[in-house]
Amino acid sequence: MLHRKPRRFRRRSNGRNGMHHNSSLRTRTNQFSNVQQRGNFRSQLSAEKLFEKYTSLAKEAMSVGDKTLSENYLQHADHFMRIIEDKNKSRNQMKSNTVDQTTTENKSLSESTSINQNKETENKT
């Protein structure tokens with residue numbers, strides 16, 4: 001039996017000086033420059049706006065008579081309402097922490113000034 005060597009294909013340069021065809025794909029990274037990136041599913045709207053959007057969509061679906069779609073939109077609206085409530089809770093906690101910290105600082109400042117005033121009156125006598 002004759003053993004043949006496998007044929008090897010010659011590469012054509014086509015004036016590219018050894019560059020591979022795949023390199024031309026790498027140069028077009030901003031192919032969709034005017035379009036948002038793929039996989040970026042975060043909305044640009046705030047939670048409040050999205051709550052309003054889904055509430056109005058639910059009302060519209062209910063007026064058409066599609067209860068299932070209306071319920072779906074209401075669940076979305078409920079989700080964003082929870083986000084809004086969490087945001088408000090954290091904001092209120094930050095506010096109360098700031099107020100507590102300010103009152104503590106003011107209390108300690110007033111105590112230190114009263115102590116200093118007592119020392120001054122003792123030194124005068």
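**Salt bridges and exposure**

Asp78 is partly exposed, at 36% relative accessibility; exposure is classed as buried under 20% relative accessible area, exposed over 50% and partly exposed in between (1.4 Å probe, protein chains only). The model is predicted: local features need pLDDT of at least 70, side-chain atom pairs count only at pLDDT 80 or more, and totals for chains, interfaces and linings use all residues. Residues are numbered from 1 along each chain as its sequence is written, and side-chain values use heavy atoms, with hydrogens and water left out.

**Pair within helix H3**
- A salt bridge (a side-chain nitrogen of Lys or Arg within 4 Å of a carboxyl oxygen of Asp or Glu) joins Asp78 to Arg82, with 3.1 Å between the closest N and O atoms.
- Asp78 and Arg82 are about one helical turn apart, because four residues separate them in helix H3; helices are DSSP runs (H or I, at least four residues), numbered from the N terminus.
- Arg82 counts as exposed, at 51% relative accessibility.

**Pair between helices H2 and H3**
- Glu48 and Lys87 form a salt bridge through their side chains, at 3.7 Å from N to O.
- This pair connects distant parts of the chain, with Glu48 in helix H2 (residues 47–64) and Lys87 in helix H3, 39 residues apart.
- Glu48 is partly exposed at 30% relative accessibility, and Lys87 is partly exposed with a relative accessible area of 32%.
- The salt-bridge count comes to two.

**Leu69**
- Leu69 belongs to helix H3 (residues 67–124) and is partly exposed, with a relative accessible area of 31%.
- Leu69 and Lys59 are ten residues apart along the chain, and their C-alpha atoms are separated by 9.9 Å.

Note on methods: Helix = DSSP H or I, 4+ residues; strand = E, 2+ residues; numbered from the N terminus.
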